[in-house]
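Subject: Structure handover and notes

Dear colleague,

Please find below the structure that I would like to hand over to you. My notes come after it, and I would be glad if you read them with the model open beside you.

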Amino acid sequence: MNSVETLDFDCSAIDESGKFKLENTGRGKNLSPEFRINNLSPEARTLVITLEDTSHPIKDFTHWVIWNIPATEHVPGSIPAGETVPALDGARQGRAYGNHRYAGPKPPKGKTHVYRFTAYALDCALYAPPSSRKKKVLAEAIGHIIQKGTAVGSFE
């Protein structure tokens with residue numbers, strides 16, 4: 001495998017000041033955000049997206065994992081709950097704080113936590129079952145990740 005290139009993407013959940021918009025949090029509508037990818041490799045076949053709470057006592061506590069999103073420069077927001085997402089050609093959502101769904105930031109009242117979206121562009125589809133957690137999905141992706149990028153935001 002060659003080196004992993006940087007994936008440049010915009011995430012609609014994070015405003016210009018680096019804070020999460022309320023609608024994309026557990027205290028708002030809890031809607032998954034829209035993603036716009038600016039430099040997707042022509043070799044990319046699928047995308048994986050994760051959301052982690054980097055401030056949680058459990059290191060990089062996973063809020064969301066979704067994989068086998070068809071490689072595209074636009075991932076729509078408001079992805080519905082479910083093990084598979086028919087509107088995204090059967091993309092799969094695994095087990096995390098959001099069990100088979102997006103679960104936005106919701107830190108303890110009065111605390112600010114930092115959250116990180118990571119997007120991976122892969123040269124293949126993954127065969128991980130919907131019961132999979134982030135660790136299993138990323139283990140299957142080893143050797144197939146051609147681009148990787150992050151977007152970080154905070155929420156209180």
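This is a predicted model: local features need pLDDT of at least 70, side-chain atom pairs count only at pLDDT 80 or more; totals for chains, interfaces and linings use all residues.

To begin with the strands, seven of them form an open sheet with mixed pairing, and their order is β1-β10-β9-β4-β5-β8-β7. The edges are held by β1 (5–6) and β7 (84–85), each of which has a single partner strand, so one side of each is left without a neighbour in the sheet. Within the sheet, β4 and β5 pair in the antiparallel sense over seven bridges, and one detail you can check by eye is that threonine 46 has proline 70 in β5 as its bridge partner.

The largest nonpolar core has 28 residues, of which Phe20, Ile49, Trp64, Ile66 and Phe117 touch the most other members. At least two residues of this core come from each of β2 (9–11), β3 (35–37), β4, β5, β9 and β10, and β9 supplies the largest share, which is four residues.

Turning to the aromatic rings, the structure holds six aromatic pairs. In the pair made by phenylalanine 9 and phenylalanine 35, the ring centres are 5.9 Å apart and the planes stand at 55°, so the pair is tilted. Because phenylalanine 9 lies in strand β2 and phenylalanine 35 in strand β3, this pair ties together parts that are 26 residues apart in sequence. Both partners count as buried, phenylalanine 9 at 7% relative accessibility and phenylalanine 35 at 2%. Ring pairs also link Phe9, Phe20, Phe35, Tyr115 and Phe117 into a cluster.

Helix α1 spans residues 134–141, and in this helix Lys134, Val137 and Ala141 are buried. These three cover an arc of only 70° around the axis, which puts them on the same side of α1. The strands against which the buried residues of α1 pack are β4 (46–53), β5 (61–70), β9 (113–122) and β10 (145–155). After α1 comes glycine 143, whose phi is positive, near 90°, and histidine 144 lies in the loop between α1 and β10. Histidine 144 is partly exposed, with a relative accessible area of 28%; although 24 residues separate histidine 144 from tyrosine 120 in sequence, the two are 9.5 Å apart in space, C-alpha to C-alpha.

A search of the whole structure finds zero disulfides. Cysteine 11 is buried, with a relative accessible area of 11%, and cysteine 124 is likewise buried, in this case with a relative accessible area of 19%. As buried means under 20% relative accessible area, the value of 19% places cysteine 124 within that class.

With kind regards

Key
Residues are numbered from 1 along each chain as its sequence is written. Side-chain values use heavy atoms; hydrogens and water are left out. Buried means under 20% relative accessible area, exposed over 50%, partly exposed in between (1.4 Å probe, protein chains only). The arc is that of the directions from the helix axis to the C-beta atoms. Contact means heavy atoms within 4.5 Å. A nonpolar core is a set of buried Ala, Val, Leu, Ile, Met, Phe, Trp, Tyr and Cys residues joined through side-chain atoms within 4.5 Å. Rings of Phe, Tyr and Trp (its six-membered ring) pair if their centres lie within 6.5 Å; planes under 30 degrees apart count as stacked, over 60 as edge-to-face and the rest as tilted. Two strands pair if DSSP finds at least two bridges between them. A disulfide is a pair of cysteine sulfur atoms within 2.5 Å.
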